[in-house]
Amino acid sequence: MFNSIAFNAVIGLVFIYLLYSLLVTITGEIISSYLKMRSKILRQAIERMLTDGVPRTAGFFNRLLQKLSEFFLLQHKSFTNIFAGRFYNSPEIKFLTEGSKKLFSEIKSGQLSYIPKEAFSQSIVHLFRNKGEGKSDLEKIDYCMKYNILLIDPQTLSYFKDLVADSGKNLDKFVENLEAWFDDTMERTNGWYKKKIKIILFLLGFIISQIGRAHV
C-alpha cells in the first residue's frame, strides 16, 4: 500500500500544500508588519470613533480616489487638525512610545499598533477637562461639550453627551462607558484586520500558485 504511486502522490501534494500555506502565511505577516497595517487600522478605527467620517468629495474620480485611499488605509491630510488627530497628539498617547527613536514620526502618522483602554479614557477626559470651565472635572467636561470647545463633529459630540447622561453625572461611570465603547470598537477592529489579512493571503496564494505552475 505504502509503495502505491497514488498514495505517494497524495502525500507529496499534501506536503506541497502545507509548504505553500506556511510560505503564504509568513509572507503575509511580513507584508502586514512592513506596511504597519495594525497601526493604520487602529488609527482608522479611532478616527471612526471620534469623527462623523471624512467629508465626501465631489466628482466620480475624486470619490474613487477617496475610496482607494480608505481601502489602502492612507491617512488624509486633515487628520492632524481633527479631534482624532488631537487625541493622537495628547500626552497619554504620545508617551506610549516614550523612548522610541521614531516617537514623533510615529505619533505624526498615527503609527501605534496598540492603545490600552485606560489610556484612551484618560486622554478623552483630559482633552475635555483641560479646555473646560467649572469646579469639578465633570463640570468642565459638561462645559466643553455644551459649547463644543474642541470642535467635535455633531454626531460624535451627541454620542459623548449620551455617555455623560448614561453615567448619571458620575465621572468614574463616564470613564467606564468610554472604556466599554473602546473595547467594543477594538473587537470590530480585529475583524477589519482579519478581513484585510485574508485579502492579502488570497492574493499571495494566487500569485505563488501561478509562479509554481510557471515552473512546473
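Here is a quick briefing on the aromatic pairs, cores, helix faces and loop residues of this structure.

This is a predicted model, in which local features need pLDDT of at least 70 and side-chain atom pairs count only at pLDDT 80 or more, while totals for chains, interfaces and linings use all residues. Residues are numbered from 1 along each chain as its sequence is written, and side-chain values use heavy atoms, with hydrogens and water left out.

**Aromatic pairs**

- Searching the whole structure turns up 10 aromatic pairs (rings of Phe, Tyr and Trp, the last by its six-membered ring, with centres within 6.5 Å; planes under 30 degrees apart are stacked, over 60 edge-to-face, and the rest tilted).
- One of them is Phe83 with Phe160, an edge-to-face pair at 6.1 Å centre to centre and 90 degrees between the planes.
- That pair ties together distant parts of the chain, with Phe83 in helix H4 (residues 83–88) and Phe160 in helix H9 (residues 154–166), 77 residues apart. Helices here are DSSP runs (H or I, at least four residues), numbered from the N terminus.
- Both Phe83 and Phe160 are buried (under 20% relative accessible area; exposed is over 50% and partly exposed in between, with a 1.4 Å probe and protein chains only).
- Phe87 and Tyr88 also pair edge-to-face, because their ring centres are 5.8 Å apart and their planes sit at 85 degrees. Phe87 is buried at 0% relative accessibility, and Tyr88 is buried with a relative accessible area of 0% too.
- Phe83, Phe87, Tyr88 and Phe160 belong to one aromatic cluster, along with Phe120, Phe128, Tyr159, Trp181 and Phe182.
- Elsewhere, Arg48 lies over the face of Trp192, 4.3 Å from the ring centre (the test: NZ of Lys or CZ of Arg within 6 Å of the ring centre and within 35 degrees of the ring normal).

**Nonpolar cores**

- The largest nonpolar core has 34 residues, and Leu50, Phe87, Phe120 and Phe160 have the most contacts inside it. A core is a set of buried Ala, Val, Leu, Ile, Met, Phe, Trp, Tyr and Cys residues joined through side-chain atoms within 4.5 Å.
- At least two residues each come from helix H2 (37–50), H4, helix H7 (117–131), helix H8 (137–146), H9 and helix H10 (171–214).
- A second, separate core of eight residues has Val24, Ile41, Tyr193 and Leu204 among its members.
- Back at Phe87, contacts (heavy atoms within 4.5 Å) beyond its neighbours within four places in sequence include Ile46, Leu50, Ile93, Ile115 and Phe120.

**One side of H8**

- Which residues of H8 are buried? Leu138, Ile141, Cys144 and Met145 are.
- These residues span an arc of only 125 degrees around the axis, so they sit on the same side of H8; the arc is taken from the directions from the helix axis to the C-beta atoms.

**Loop residues**

- Asn148 sits in the loop between H8 and H9. Its phi is near 45 degrees, a positive value in a residue other than glycine, and at 21% relative accessibility Asn148 is partly exposed.
- Lys169, in the loop between H9 and H10, has a positive phi of about 60 degrees, and is not a glycine either. Lys169 is exposed, at 54% relative accessibility.
- Ser90 is in the loop between H4 and helix H5 (91–94), and is buried with a relative accessible area of 4%.
- The side chain of Ser90 reaches the backbone oxygen of Phe87 at 2.6 Å. Not counting residues up to four places away in sequence, Ser90 touches Ser123 and Leu127.

Key:
Polar contact = N/O pair within 3.5 Å; in protein donor to acceptor, adjacent residues only side chain to side chain.
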